[in-house]
Amino acid sequence: MTAKQLKSFTREEVSTHNKDGDLVRLSIFIHLYFSPTAPLITQWIIVDSKVYDITRFKDLHPGGASVLLDEDVAGQDATEAFYGLHRHEIIAKPQYARLQIGFIEGEQSTLHGRIPGELSEVPYAEPTWLTNGYHSPYFNESHRTFQKVVRKFFDEVVVPDAAAREEDGKPPTKSVIEAMAKLNLHAMRMGPGKHLKGLELMGGIVKPEEFDYFHEMIITQELARTGKRGYGDGLMAGSVIGLPPVLNFGSDEIKKRVIPEVLSGQKPICLAISEAFAGSDVTGLKTTAKKTEDSKHWIINGTKKWITNGTFAHYFTVGCKTDNGFTVILVERGEGVETKAIKTSYSPTAGTAFITFDNVKVPVENTLGPEGGGIFVMLSNFNHERWVMICSSARSQRLIVEECLKWTTQRKAFGKPLHSQAIIRSKLAAMISRVESTQSWLENVTYQMNKMSYKQQATKLAGPIGILKMHATRSAQQTATDAVQIFGGRGITRTGMGEHIEHYHRTVPFDAILGGAEDVLGDLGVRQAIRGMPKDARL
């Protein structure tokens with residue numbers, strides 16, 4: 001089958017193809033039944049210097065035929081009208097692209113949506129280290145090369161699957177999980193460490209010993225660009241927070257068996273701490289672990305709630321109350337373990353679960369860290385978990401800034417672009433200041449992580465990361481609210497121009513709760529600061 005030959009037209013030629021619907025239908029009737037050789041009356045439009053024949057399509061138009069019959073559309077340049085109602089990807093779909101019959105002579109198409117793998121040229125759409133002409137003390141050429149490859153992979157492999165799974169609510173497609181595993185992306189999402197030794201990372205463009213937290217930040221932030229919150233959590237986010245305790249506190253035997261299974265994507269793991277009885281207060285947990293008489297096994301009973309990836313996880317990193325205090329134990333799915341899906345305000349793709357442990361027998365060797373030492377195990381894990389959430393939040397906010405800048409430029413109100421209104425510019429200024437301050441603070445904390453041991457991070461960075469997460473999520477919620485106001489009715493519509501805004505506004509509260517509620521984390525940071533106050537400090 002040969003490709004359709006596109007013809008060259010003048011704007012004057014196109015303007016003659018502007019007849020109303022009844023006349024077009026009459027023309028088709030006459031053409032088909034009475035005079036097949038007679039000239040057919042058609043209706044054309046111009047969008048971005050491309051000519052489209054909408055004669056037969058207009059009655060199938062989801063918005064009705066009347067929009068296309070408007071005197072400012074039929075036979076005219078409908079570019080402004082089109083982009084006032086539709087996202088670019090609509091006209092790029094095959095069923096609509098095939099309506100193109102030609103182009104305007106001497107003109108070039110200049111408009112496009114997001115180009116897979118490419119950086120956005122919209123101001124503030126990228127962090128400054130990726131923006132042409134700007135510099136960074138943190139990111140080097142290795143990070144820049146890494147970012148290009150990671151973005152290309154996510155745009156081509158992950159983004160299409162994210163859109164599909166967000167709609168049907170199914171877990172991320174197995175082929176995507178496997179493609180990530182082949183590049184060792186799952187391993188890299190655990191951060192730098194010994195688990196990367198001997199692995200080929202992203203096709204070999206970065207060596208395991210060179211991989212740092214800035215490389216990991218790139219992965220997390222590129223994933224956030226999918227704009228699909230439920231899918232993002234479903235893409236083994238449970239492993240990101242559930243496996244580190246195994247990496248850092250598991251026995252050699254457990255590491256040898258469990259880590260390859262998880263990082264290959266074959267047996268996901270999740271973190272099971274929160275309960276209906278206790279969320280941020282881990283000391284209030286009611287799930288118990290009692291040793292058998294021979295002290296060789298734990299018998300675990302209790303429930304966990306709001307567990308990300310719980311519905312499809314094979315392993316569970318479980319916080320339990322033991323005779324010696326709070327203890328973390330690795331549990332494998334089996335007899336006595338039951339998971340049920342929890343309906344939330346975002347996609348079931350995330351696999352959010354309610355878990356019941358009914359007399360689950362677990363070897364004592366599955367204890368992660370010392371018995372009764374679970375607070376330290378989880379505190380060190382919480383730092384990385386919250387840092388990952390901050391990375392994602394900062395990038396997600398930037399996506400909303402980009403959407404708003406594009407929309408306020410192309411949307412006309414009172415005959416002028418929406419950004420001509422001072423109140424709109426004020427909202428944009430606040431959005432930009434929030435996302436830039438969050439990213440800058442995040443990069444500073446990330447630099448500290450690169451310079452500190454895991455133990456030092458646990459003692460020095462818990463407070464700063466807690467306050468930064470509070471700042472990030474509060475900023476995100478305000479940005480979501482402002483974005484809805486900018487998009488108006490479109491900002492609360494699940495499809496169309498404001499689909500990303502609606503989705504973000506609906507799902508952004510998750511970040512404020514998961515990993516610790518805002519108020520709890522803010523208080524954690526202040527209490528840590530107070531403990532560090534010098535005794536002789538006076539005004």
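This is a short tour of the structure, one selection at a time.

**Before you start**

The model is predicted; local features need pLDDT of at least 70 and side-chain atom pairs count only at pLDDT 80 or more, while totals for chains, interfaces and linings use all residues. Residues are numbered from 1 along each chain as its sequence is written, and side-chain values use heavy atoms, with hydrogens and water left out.

**Whole chain**

Show the C-alpha trace. Along its principal axes it spans about 95 × 60 × 45 Å. Switch to cartoon. The chain has 21 helices and 14 strands. Helices (H or I, at least four residues) and strands (E, at least two) are DSSP runs, numbered from the N terminus.

Of the 539 residues in the chain, 50% are buried. Buried means under 20% relative accessible area, exposed over 50%, and partly exposed in between (1.4 Å probe, protein chains only). Among contacts with a separation of 6 or more, 74% join residues 24 or more positions apart. A contact means heavy atoms within 4.5 Å.

**The nonpolar cores**

Select Phe146, Met188, Leu243 and Trp387. These have the most contacts inside the largest nonpolar core, which has 68 residues. Helix H15 (residues 374–410) supplies the largest share of this core, 8 residues. A nonpolar core is a set of buried Ala, Val, Leu, Ile, Met, Phe, Trp, Tyr and Cys residues joined through side-chain atoms within 4.5 Å.

Stay on Trp387. Leaving out residues up to four places away in sequence, Trp387 touches Tyr213, Glu216, Met217, Leu442, Val445, Thr446, Met449 and Ile465.

Now pick Leu428, Ala480, Ile486 and Val508. They are among the 24 residues of a second, separate core.

**The second largest pocket**

Centre on Arg229, Asp233, Met389, Phe510 and Leu514. Of the 49 residues that line the second largest pocket, these are the closest to its centre. The pocket holds about 970 Å³ of space.

Colour its lining by element. Two or more residues each come from helix H10 (213–224), helix H11 (229–234), helix H12 (237–242), strand E7 (297–307), H15, helix H19 (499–507) and helix H20 (509–513). H15 gives the most, with 9 residues.

Then colour by class. The lining has 23 nonpolar, 18 polar and 8 charged residues. Ala, Val, Leu, Ile, Met, Phe, Trp, Tyr, Cys and Pro count as nonpolar, Asp, Glu, Lys and Arg as charged, and the others, Gly among them, as polar.

**Two cavities**

A search of the whole structure finds 2 cavities of 30 Å³ or more. On a 1 Å grid over the protein atoms alone, a cavity is a set of points where a 1.4 Å probe fits but cannot get out; a pocket is an open set with protein on both sides within 12 Å along at least five of seven lines; lining residues have an atom within 4 Å of a point. Grid points are joined across faces, edges and corners, and a volume is the space filled by probe spheres set on the points.

Select Glu126, Pro127, Trp129, Leu130, Phe139, Gln147, Arg151, Met217, Ile218, Gln221, Glu222 and Arg395. They line the largest cavity. Helix H7 (141–168) and H10 each give two or more residues to this lining. H10 has the largest share, 4 residues. The volume of the largest cavity is about 70 Å³. Its lining has 6 nonpolar, 2 polar and 4 charged residues.

Next, select Val47, Asp48, Lys50, Tyr52, Tyr83, His88 and Ile91. They line the second largest cavity. Strand E3 (50–53) and helix H5 (88–92) each give two or more residues to this lining. The second largest cavity has about 30 Å³ of space. By class, its lining has 4 nonpolar, 1 polar and 2 charged residues.

Go to Ala224 in helix H10. Ala224 has a relative accessible area of 9%, so it is buried. Not counting residues up to four places away in sequence, Ala224 touches Ser392, Arg395 and Ser396.

Move to Thr327 in strand E9 (residues 325–332). Thr327 counts as buried because its relative accessibility is 0%. Leaving aside neighbours within four places in sequence, Thr327 is in contact with Val318, Gly319, Cys320, Thr322, Thr367, Pro370, Glu371, Gly372 and Gly374.

**Last stop: helix H18**

Select residues 462–487. At 1.5 Å a residue, the 26 residues of helix H18 should span 38 Å, and the end C-alpha atoms are 37 Å apart, which agrees. The expected span is 1.5 Å times one less than the number of residues in a helix. Step on to Gly488. Just after H18, Gly488 has a positive phi of about 65°.
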